[in-house]
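Please brief me on this structure, with the cut-offs behind each term.

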Amino acid sequence: MIKKFVNLILSLIYPDKCIFCQELIPLGKKDRQICQNCWEKLEIYEGGKEENDHFAFVFEYKDIVRNAIRRFKFKYHPEYAKRLADFMELKLKSLNITDYDYIIAVPIFRRKERKRGYNQAQLLADELSLRTGIKTVKKQLIRIKNTKPQSELDHIQRASNVKNAFKISNKGYFKDSKIIIIDDIYTTGSTVQSCIDVLKNDGAKDVFVFALSKSIFIHEKEDLSDII
Ligand SMILES: [Zn+2]
């Protein structure tokens, strides 16, 4: 009772905002953290030519989706993971992906994770693991190179930037396994490809890439000054 009362007071002081457009959400409609308008406007990408048997994504990285993902990533909003994972879960169900052994996130460099407070892709992987029952493992695929942000590089630089950036902690861990790898923003795919190479080298028999979003602008540089 007291806890409920405290929560009520807190929610009056700090009302929830829609994770996409930042509009305040009326009390009593907070379960989604998404306003009605965005809920209706958002488009999940469905089965177009951008996808294939080993790759799918949920949103195009643009407009309100881009804003939300940038806040999720750079402005300390770990709580966004639950809502964003709602959409990933919906899409994953429609893909008919079964019999996978692991859901793992594209790892970020340790120092960067400490500074940011979390790896946003891992938070999504955690949520999807809870909802699908597929196990997530955190310290088997690790990032050993502190690479430059891919968004600052062109297509060719991106591939060499992430070459040898990953390794497996316990060799053979992924032998014969089927893996879903989670990324937050998929652009040219060179980061994920580098992960796939390492996983396949370790004996993985199938890797499916599932991204929250896909950027359509390959050369776009991220300007972080305008995040609100
Ligand atoms: Zn909204």
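Arg83 lies in helix H4, which spans residues 80–95; helices (H or I, at least four residues) and strands (E, at least two) are DSSP runs numbered from the N terminus. This is a predicted model, in which local features need pLDDT of at least 70 and side-chain atom pairs count only at pLDDT 80 or more, while totals for chains, interfaces and linings use all residues. Residues are numbered from 1 along each chain as its sequence is written, and side-chain values use heavy atoms, with hydrogens and water left out.

**Arg83 and its contact**

- Arg83 counts as buried because its relative accessibility is 13%; buried means under 20% relative accessible area, exposed over 50%, and partly exposed in between, with a 1.4 Å probe and protein chains only.
- The side chain of Arg83 makes a polar contact with the side chain of Asp86 at 2.9 Å.
- A polar contact is a pair of N or O atoms within 3.5 Å; within protein, one must be able to donate a hydrogen and the other to accept it, and residues adjacent in sequence count only if both atoms are side-chain atoms.

**Salt bridges**

- The structure holds twelve salt bridges, each defined as a side-chain nitrogen of Lys or Arg within 4 Å of a carboxyl oxygen of Asp or Glu.
- One of them joins Glu127 and Lys82 through their side chains, at 3.4 Å from N to O.
- This pair links distant parts of the chain, with Glu127 in helix H6 (residues 120–132) and Lys82 in helix H4, 45 residues apart.
- Glu127 is buried, with a relative accessible area of 10%, whereas Lys82 is partly exposed at 44% relative accessibility.
- Lys62 forms a salt bridge with Glu60, and their closest N and O atoms are 3.3 Å apart.
- Lys62 is partly exposed, with a relative accessible area of 36%, and Glu60 is also partly exposed, with 25%.
- Asp176 and Lys175 meet in a further side-chain salt bridge, at 3.5 Å from N to O.
- Asp176 counts as partly exposed at 48% relative accessibility, while Lys175 counts as exposed at 56%.
- Salt bridges that share partners join Lys82, Arg83, Asp86, Glu89, Lys93, Glu127 and Arg131 into one network.

**Zinc site**

- The zinc ion has four protein donors, namely the SG atoms of Cys18, Cys21, Cys35 and Cys38, lying 2.3 Å from it.
- Donors are N, O and S atoms within 2.8 Å of the metal (3.2 Å for Na, K and Ca); water is not among the atoms, so sites may look incomplete.
- The site of the zinc ion is tetrahedral, with angles of 104 to 116 degrees among its four donor atoms.
- Four donors count as tetrahedral if all angles lie between 85 and 135 degrees; four count as square planar and six as octahedral if opposite donors are over 155 degrees apart and all others between 65 and 115, and anything else is irregular.
- The donor residues follow the sequence spacing C-x2-C-x13-C-x2-C.
- Cys21 is partly exposed at 30% relative accessibility, whereas Cys38 is buried, with a relative accessible area of 1%.

- Cys195 is buried, with a relative accessible area of 0%.

**Helix H3**

- Helix H3 (residues 63–74) has twelve residues and reaches 16 Å from its first C-alpha to its last, close to the 16 Å expected at 1.5 Å a residue.
- The expected span of a helix is 1.5 Å times one less than its number of residues.
- H3 is mostly covered, with nine of its twelve residues buried.
- The buried residues of H3 include Ile64, Val65, Arg66, Ile69 and Phe72.

**Positive phi**

- Most residues other than glycine have a negative phi.
- Gln22 has a positive phi of about 70 degrees although it is not a glycine, and Gln22 lies in the loop between H1 and H2.
- Asn164 has a positive phi near 60 degrees and is likewise a residue other than glycine.
- Asn164 lies in the loop between helix H7 (155–162) and strand E5 (166–168), and counts as exposed at 57% relative accessibility.
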